[in-house]
Amino acid sequence: TGDQQTLVSRVVGLHPRTCSTGLRKISRYEQYSSHMSFLKESRYNDSTQQVFFLIDHAVLPFPMQLRFNIQRITQPGEYKFNFPDGIFKGLVGKIHIAPIGNRCLYFMQIDWQGTHTKIPDLVVGAFAQTLSQLGLEHLIRVSSF
């Protein structure tokens, strides 16, 4: 309907090093803004397991604040996350991390249906897919050393 919007996104990446090597940097959410130019601010609260990102990128009509809950990812497994409030309130997703030989597979899925954001579906979809893919590629690159 016109007052509802959906978002489905899948992102996958294969890290060239082991999961334990990559996760040393990838688990440091509060440092993401120093690795990705589109993140102007990144914070993580260990006690509430909440991430805060301030995002500003050409694909966005305005700077966007994202706040979501996820435990710190420190080893392979499945990690659920959710957005308790904000523009994507009710969004849920999972990040799957699995060793493949001496490499590490990262797979993220997002499924959301909620109140229309007043941003066109195409823009919301492009935002989620593009920034998620760019973010994962950057994290893999900076954690490969």
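## The disulfide

A disulfide is a pair of cysteine sulfur atoms within 2.5 Å, and this structure holds one. The model is a predicted one, in which local features need pLDDT of at least 70 and side-chain atom pairs count only at pLDDT 80 or more, while totals for chains, interfaces and linings use all residues. Residues are numbered from 1 along each chain as its sequence is written, and side-chain values use heavy atoms, with hydrogens and water left out.

The partners are Cys19 and Cys104, with their sulfur atoms 2.0 Å apart. Their link is right-handed, with 95° about the S-S bond. It joins distant parts of the chain: Cys19 sits in helix α1 (residues 19-26) and Cys104 in strand β7 (residues 103-115), 85 residues apart. Here helices (H or I, at least four residues) and strands (E, at least two) are DSSP runs, numbered from the N terminus. Both Cys19 and Cys104 are buried, where buried means under 20% relative accessible area, exposed over 50% and partly exposed in between (1.4 Å probe, protein chains only).

## Around helix α1

## The nonpolar core

A nonpolar core is a set of buried Ala, Val, Leu, Ile, Met, Phe, Trp, Tyr and Cys residues joined through side-chain atoms within 4.5 Å. The largest one here has 40 residues, and Ile55, Ile70, Phe81, Phe88, Ile97 and Phe127 touch the most other members. Helix α2 (residues 121-142) gives the largest share, seven residues.

Take Ile70 as a closer look: leaving aside residues up to four places away in sequence, Ile70 touches Tyr29, Tyr44, Gln49, Val51, Tyr79, Lys80, Phe81 and Ile95.

## Aromatic pairs

Rings of Phe, Tyr and Trp (its six-membered ring) pair if their centres lie within 6.5 Å; planes under 30 degrees apart count as stacked, over 60 as edge-to-face and the rest as tilted. The whole structure has eight such pairs.

Because Tyr29 lies in the loop between α1 and β2 (39-45) and Tyr44 in strand β2, the pair ties together parts that are 15 residues apart in sequence. Tyr29, Tyr32, Tyr44, Phe53, Phe68, Phe81 and Phe83 form one aromatic cluster.

Definitions and conventions. Contact = heavy atoms within 4.5 Å.
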